[in-house]
Amino acid sequence: MNKIEISVNSATCYKNNNLIFEDINIELKNGDFMLIIGPNGCGKTTLIKSLCGIQKLEFGNILINNLDIHSKNSEYIENIIYLGHKNSLNNDLSVQENLEYLSVFDSSVGSNNFDKIKNAMDYFNIYKYKDYMISDLSEGNRKRTSLARLVLSKKKIWLLDEPLSFLDNNILDSFVSLIKRHQANDGIVIASTHYDFSKSISNVKYLKMETK
Amino acid sequence: MINILIKKELSLYFRNLNNIFLPLIFFFLIISIFPLVLGPEKTLFNKIIPGVIWITAILTTLLTSNNFFKEDFNAGIIETYLTSDVSIEIVLFIRIIVCWIFTCLPIVIFIPIVSILFDITFQSSIVILLTLVIGTPILISIGIFGSALTLGLAKNNILTPVIIIPFYIPVLIFSASAIQSVSAGLPYDMQIYILASLLTLVLPTMPYLLKYTLEISINN
Amino acid sequence: MNISKIANLKFFYTKTQRISIYLSFSTFVLFCIGIYWGLFIAPEDYLQGNSYRIMYVHVPAAWLSLQTYMIMAVTAFIALVWKIKIMEIISIQCAPIGAFFTIIALVTGMIWGKPTWGTYWVWDARLTSELILLFLYIGVIVLYSSFVDKRQAIKITSLLSIIGLINIPIIHYSVEWWNTLHQGPTVTKFDKPSAHITMLLPLLYMFIVFNLYFLAVMIQRIRLGIYIREKNSKWMEDLSND
């Protein structure tokens with residue numbers, strides 16, 4: 001299996017001259033699950049965005065297998081899937097069309113993936129809504145649609161920003177078992193949350209952030 | 001992959017038919033305001049019609065491309081673009097082309113009707129059509145670039161046109177001059193060649209430029 | 001690496017205080033000499049009379065307006081690619097200076113136009129290009145000022161000014177084209193006075209003085225830009241406490 005090591009070294013980020021977070025150090029390897037915990041406004045979202053490379057750091061760096069994620073031959077972008085707190089869903093497309101469209105942006109899904117998309121929808125119990133427009137769905141079902149991308153994708157590093165918002169408890173169990181399955185497949189999960197759902201998960205690391 | 005992208009763009013436009021008809025209606029509305037303001041003399045219109053058509057085309061493209069990325073930005077789709085491992089340039093290119101097909105192509109198709117309204121000769125209307133076909137993709141691309149520049153702002157209603165219109169000037173000058181040349185019986189092929197070379201300069205580079213702009217716009 | 005950049009800003013800020021004062025003062029003196037040379041010593045033009053003398057302000061201002069845009073775009077490019085802070089500051093501070101030169105060129109052009117063309121404004125190729133250049137500068141300035149986050153603003157405006165630099169020759173060429181197509185009343189060429197060396201020498205001198213002026217204002221504005229950007233940093237507080 002391909003080995004992946006993520007190391008974040010003294011990461012510091014400013015926005016508009018305000019310090020968002022400073023001196024964050026993280027070491028992760030295959031099978032790890034990291035929870036970023038902290039109150040609102042402590043920079044969880046910004047940290048996750050930095051980890052996907054769409055937010056630049058002021059100081060420090062993020063290395064994957066000892067290669068900076070912004071360097072030319074970094075394979076980082078091939079390995080990550082990012083689920084932001086915005087669902088990245090198009091309101092005027094149905095659930096199925098959205099998943100088809102989003103799987104275009106994930107080369108690990110592959111083509112001719114109708115069955116895979118059906119499985120993914122089944123996994124989060126949204127198959128019955130497959131032809132509903134996103135604008136007609138509840139927030140919870142939108143979140144499920146967004147999470148269904150994780151079932152589809154074969155990427156190794158999951159970056160999840162508040163994956164639990166609007167989710168009810170029975171779907172939480174299947175989400176946790178999805179994370180466990182991913183860990184068993186040597187994957188890495190990084191999730192920000194305000195609610196600790198890691199009780200039954202092994203190899204958990206915590207990163208506690210505080211408001212500056 | 002490309003067929004899914006095209007299918008998505010087409011279904012988005014077809015689900016809301018307003019997207020197709022509103023630019024066209026807007027175009028005709030502005031065009032018909034000119035006789036109301038300037039009086040109905042046909043000789044006057046023979047002189048100013050290239051300007052009228054092109055100013056209207058500019059307004060239409062500005063309004064349609066102004067918030068091109070806004071909805072996707074608010075939904076988080078731009079973030080998905082930029083964290084994706086497939087080439088986003090293709091996606092952006094397809095989106096530019098589809099945007100042109102649905103906002104400018106209807107105008108091009110309805111140019112014969114404009115010709116009838118303003119008594120334009122057949123030769124002139126062919127040249128008007130030609131300049132619109134070559135020129136409007138440039139306008140749309142530049143307008144989309146402007147919308148990407150101002151994406152990080154909460155409100156950008158009139159800012160984008162203000163920064164973008166100076167970039168429209170060359171297209172405007174060569175198109176209007178081609179139309180005027182043909183109505184004066186002069187050769188117009190030079191202007192068409194220049195427009196075509198501008199198009200071949202702008203269209204292939206624009207997706208790369210857009211990707212870079214989006215990266216900056218999202219990193220706030 | 002980043003520490004050296006901050007040190008660079010600090011170095012610039014502390015070292016240029018004296019220089020900028022000397023430079024401003026000597027520019028003023030040299031400017032007065034140039035004005036005297038242009039207005040009183042240089043010979044009268046046998047075609048245009050004395051009205052041509054406004055050229056000694058108009059032509060350097062027009063040159064500087066273009067040159068400033070070029071500096072703005074080139075420093076913007078350097079700032080984007082190599083992420084050098086001082087280049088970012090230089091680039092954005094070029095915009096108001098350039099806009100100022102453009103306005104000077106436009107106003108003096110209009111004043112010259114009144115006795116020459118009988119009207120303040122003629123849609124001639126040079127004036128029109130200059131006007132479009134003013135619009136380009138205004139675009140950069142308003143774009144920069146609409147962003148709250150100035151670091152993002154600087155990157156976005158850098159991009160705009162680079163694209164603008166690519167566009168300027170195209171705009172210029174198209175305006176020339178447009179002008180030859182619509183040749184109105186015979187236009188006297190402005191920058192080709194009967195080129196006598198006694199007339200051209202003060203022009204060259206004024207061009208150099210305008211460049212010095214640009215440098216003096218630039219250094220002042222860079223210092224202001226550094227102050228705004230670094231006012232919360234430790235070295236700036238230490239400096240103000242001294």
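Author: Contact here means heavy atoms within 4.5 Å. By that rule, 27 residues of chain C and 29 residues of chain B take part in their contact. This is a predicted model, where local features need pLDDT of at least 70, side-chain atom pairs count only at pLDDT 80 or more, and totals for chains, interfaces and linings use all residues. Residues are numbered from 1 along each chain as its sequence is written, chains are lettered from A and ligands numbered from 1 in the order in which they are written, and side-chain values use heavy atoms, with hydrogens and water left out.

Reader: What makes up the area buried between chain C and chain B?

Author: Buried area is the accessible area (1.4 Å probe) that two parts lose on being put together, summed over both. For chain C and chain B this is about 2400 Å², and carbon and sulfur atoms give 81% of it. Gln152(C), Leu159(C) and Trp177(C) supply 23% of the area that chain C buries there, more than any other three residues.

Reader: Why is the pair Asp85(B) and Lys155(A) called a salt bridge?

Author: The closest N and O atoms of Asp85(B) and Lys155(A) are 3.3 Å apart, and the limit is 4 Å, so the pair qualifies. Between chain B and chain A the count is four salt bridges.

Reader: What is the area buried between chain B and chain A?

Author: About 2600 Å², of which carbon and sulfur atoms give 55%. In chain B, Glu79(B), Thr83(B) and Asp85(B) lose the most area to chain A, together 24% of what that side buries.

Reader: How do you know which residues H1(B) and H6(B) use to touch?

Author: Helices are DSSP runs (H or I, at least four residues), numbered from the N terminus. H1 (residues 2–15) and H6 (residues 88–103) of chain B have axes that come within 10 Å and cross at roughly 35 degrees; axes are lines fitted to C-alpha atoms over the stretch in contact, with angles running from 0 to 180 degrees between N-to-C directions. Applying the contact rule gives, among others, Leu5(B) and Phe14(B) from H1(B) and Ile94(B) and Phe102(B) from H6(B).

Reader: Which classes do the residues in the contact of H1(B) with H6(B) fall into?

Author: There are 12 nonpolar, no polar and two charged residues. Ala, Val, Leu, Ile, Met, Phe, Trp, Tyr, Cys and Pro count as nonpolar, Asp, Glu, Lys and Arg as charged, and the others, Gly among them, as polar.

Methods. Helix = DSSP H or I, 4+ residues; strand = E, 2+ residues; numbered from the N terminus. Salt bridge = Lys/Arg side-chain N within 4 Å of Asp/Glu carboxyl O.
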